[in-house]
Amino acid sequence: MTALIDLSLHEAAQALRAGETSARELTLACIARMEEVDGHVHAFLAQTPDLALEHADRADKMLAEARKGENESLSNLVGIPVAIKDVLTIRGVPTTCGSKILEGYRPPYTATSVQRLIDSGAVILGKTNTDEFAMGSSTENSAYGVTHNPWDLARVPGGSSGGSAAAVAARMCFAALGTDTGGSVRQPAAFCGITGLKPSYGRVSRYGLIAYGSSLDTVGIHAHSAAEMAVLYTTMAGHDELDSTSMPGAVEEIQLQDGDLRGIRVGVPKEYFIDGIQPAVEAAVREALNVLGDLGCELQEISLPHTNLALPVYYIIAPAEASANLARYDGIRFGPRKNGDDLWDTYLKTRGELFGPEVKRRIMLGTYALSSGYYDAYYAQAQKVRTLIKQDFERAFERVDLIASPVTPTTAFPIGAHEDDPLAMYLEDVFTLPANLAGVPGLAFPVGFDDSGLPIGMQITGPHLGEAILFRVTHAYQKATDWHNKEALL
Amino acid sequence: MDLTAEEVRKIAFLARLHLTDEEIETYARQLSAILEYAAQLQEVDTANIPPTATVLPLTAPLREDTIRPSLPQDEILANASSSEEGMFQVAPVLEQEP
Amino acid sequence: MTEFEPIIGLEVHAELQTRSKMFCGCAVVDSVSATANTRVCEICTGMPGTLPVINRRAVEFAIRVALALHCEIAETSIFARKNYFYPDLPKGFQISQYELPLAVNGWMMITTNGEEKRIAIRRVHLEEDTGKLTHRQTNSLIDYNRSGVPLLEIVSEPDLRSIDEVRAYAIALRSLLRFLEVSSADMEKGVIRFEANISVRPQGAEILGTRTEIKNLNSLRAMAQAISYEIDRQSRLLANGQEVRQETLGWDEGLKVTVPQRGKEEAHDYRYFPEPDLPPLHLERSWIEEIRAKLPELARAKRQRYVDELKLNPYTADVLTNEKDIADYFEATVAAAPDLPAQQIGHWIGGPLFSLLNDAGIKIRETLISVEQLSELIGLVELGKISNSSAKAVLTEMFASGAGASQIIEAQGLEILADSAIIDGHIEKVLVEFPDQVQQYLLGKEPIFEWLFGQVMRATSGRSDPQRLRQALARQLRALDKRQPPA
């Protein structure tokens, strides 16, 4: 039999149902795997083996009842070990957002998305590394050390949900939750050769997602395949009365038929195939488009004319929102405090010394963009241009069912490559930001490798609340290809 | 768009961030570069374009005025670096700011 | 010396008495008496990851006030973040409204020295309250029970021209909030708080002077003193050819002076922007109309009705409508005793009962006298079963013990003497006892009659019906007169 950690989520669920293994056994296998490889990868900021085994034992009870026929509608998540990005709260479990300013913080409540996984029987293995407050594209901005890409430990796993992507890629867990504000789930999925979903804004509750850019933040998923992600997505998606920006109404059912994609119109935006894109990336994405064509998709070139403005819009709006979202970190109610001469000095010291450089940079950028005299030129103007970007997508989706593009211009870069040039780092997100600005869902999946053996991802984007078609197309692609089953040799 | 050290100091104070002189210099340079990049937004004609504050086609939901249990006092205070008599403790608040 | 005219606008913050807070389910409690930090949760303490959800009743209360102030209500209004750092503000920003507030362009009538004046209301908006700081020598302590309580901000135009008008406006607004049942509007507990902006200009001038703002005025007295001080200060400055600095001031209760809160404004750039966690607030017209239809009668309208329909005198109508609880008590008594004249009920509540309440320093809702008990007492007076003066004594006893009128009258033998033989007996005794006075009366000194009347009344412990006593006394004196030989 395949080692437990090498099973797919569905195979593991099947084995659990059949009684071939137990949730406890499966959880212990993941814990053993963490002990084996996380010293090299550093995907986790907090491992929670006690909590995991408690969840596992509860899952085993549910499974035992199911085998006695007492619980018919058992979720495929029962007994499945998953990891949670450290910007989502779990009651009593250390939650740092990769920041010194939250060192030792144990939230008194659990995020809705995580609670829904727990309620469905999932096993929580721990909290994964992230760029501080999800600000970054490499996890290098974590105050607790960088995460290493399981495909090449000298390279970044992407970010900000790099810990979650690396944990899944290194098979320390079956799936993981990340968050995506500008590409933070999709980009690390591409860098780590796994599948990642950024749902529509409003589809998965943000309650308990520690805010970075509130109008852009989403809770996303990492797994090896679309089919596995669908299990978590179905569990989490849907209205939450604790989140005023959560969409009411039923969630469209995910149908994973095989193969036939006839009649699906795929738009290929010319603005996404730009100079500077790594040739291997373009080649792999073109090849994947051919596969979609073979499966019945109709490909057509489209234009998203305001694409080049997404980056400046994003780097005004997200920091502006962040500057307010991060004002609560003052060392009074939670987190450590750096005492100064008086209270006002304590504010300055606590925030000045405990926030990292990228966080301070963005807080300042956002503060500036909102400040008196600059608001109209920066923040208000960015909101208007955001409208143009959103309209680009709305017009495109009148003609096509989804939009396909690369996830990133390049494959994973070496640790330290962008150390002193924030703008170059920001350019990593150029293909993923527009979906956040428009609020539409995006799904990244592996479509090949470059010469160095690093994974390449493709992104498909759908209309708002159009997750179902993204799942369907990705699943068909993954039935027809094998890229998502390739494993990092770690 | 070049930010002076003085402007950076002012922003840092508004954001309550203590910065070293070295940081001020670095941020002046980096923020200037980013703002210069963002300046291309100002070339876009947005005369008749409404702003997008939220992408959702929603209006604010209203919850019924019902009481949900509060958290126990010790749980609320558990994360505070300093508390006294059931309250969060800070250095004396002087009415005057620096 | 030049006469200066003050130009004053008031900004009022009122906590709304909903059951739960503005954006979370924690209970709204009396923040003065509740144990610190026991009505708080992850949301109102600004724990990372939390989100606000608007309380429907808070919006309803705000609409009620806006309608009563004749405002235009925005079908779509927007919440915004007001950014500043202070230990009582857990998120580092307050959720408030800035552009597109809930309501604008209203007005309220005030009366000063019998003159009516219309004060324009600029805007009414919803926001959340902050926590409370306790300042001590060596540290400050924070209680977040009040954090997140719905707060209504009502901003007037600078239409007020005197301390009297300021006071009338404040009292009228407090009365309005109470009659609408949205707030206790209790100033002592900080449930409503005032800020004033003040400028002065030479009498008759057109342009406005530089204004100052006085924050945190927490009693009518402090407000009157502070504004009056500030008017004097500014007038003196201008009279001396100096300038008024635009600044934010505080009121030093001990020294009775306004003091600059230096740097406060300069340091603050509130960086308002739309709250991304709350989509726009949309109000259905039908809901607004539903609320309008259910608006209670307010003090001014009540007063008018008491005078016009219930034929109360204007003074009594004033007393009864100054406080909602008193008006409610009056109306409940009228309803409980439809056969009694409303004027009499108004007289008893606005007169004797009101005095008793004031002397005891209690509120009408705390009185032991039920409306049924009060109407019974007034009924007995109306039926002539008890004299007015006895009734006052009975009311005092009822007020003290909570006993019913009949019970007290019986126990103390206060019922009016119905047997005329007994009254005649008392008269005879008095006439015998004071022959000199009788003689003087009979010689034409008529005022002596009243003195004799008083003696008999005292002799009957006030239980005589004055009308009947008067007749009987006159009859007996006439009889004596007949026995006298002509002078």
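In the predicted model, strand β1 of chain B and strand β2 of chain C (residues 54-55) run parallel and are joined by two bridges. Within this pairing, B:R63 lies opposite C:N55 of β2(C).

The contact between chains B and C involves 34 residues of chain B and 45 residues of chain C. On the side of chain B that touches chain C, two or more residues come from each of the elements β1 (62-63), α3 (73-77) and β3 (87-90) of chain B. Of these, β3(B) gives the most, with four residues. Classified by residue type, the side of chain B that touches chain C comprises 17 nonpolar, eight polar and nine charged residues.

Within chain C, a helix pair was examined. Two packed helices are described by the angle between their axes and the distance between the axes. For helix α2 (residues 163-179) and helix α3 (residues 220-239) of chain C, the axes come within 10 Å and cross at roughly 150°. Because angles over 145 degrees count as roughly antiparallel, α2(C) is roughly antiparallel to α3(C). The crossing of α2(C) and α3(C) is right-handed. On α2(C), the contact is made by C:I163, C:V166, C:R167 and C:A170, and on α3(C) by C:L220, C:M223, C:A224, C:I227 and C:S228. By class, seven nonpolar residues, one polar residue and one charged residue form this contact of α2(C) with α3(C).

Notes:
Residues are numbered from 1 along each chain as its sequence is written. Chains are lettered from A and ligands numbered from 1 in the order in which they are written. This is a predicted model: local features need pLDDT of at least 70, side-chain atom pairs count only at pLDDT 80 or more; totals for chains, interfaces and linings use all residues. Axes are lines fitted to C-alpha atoms, for helices over the stretch in contact, and angles run from 0 to 180 degrees between N-to-C directions. Angles under 35 degrees count as roughly parallel, over 145 as roughly antiparallel, 65 to 115 as roughly perpendicular and the rest as oblique. A crossing is left-handed if the near helix is turned anticlockwise from the far one by less than a right angle, and right-handed if clockwise. Two residues are in contact if their C-beta atoms, placed from the backbone, lie within 7 Å. Ala, Val, Leu, Ile, Met, Phe, Trp, Tyr, Cys and Pro count as nonpolar, Asp, Glu, Lys and Arg as charged, and the others, Gly among them, as polar. Two strands pair if DSSP finds at least two bridges between them.
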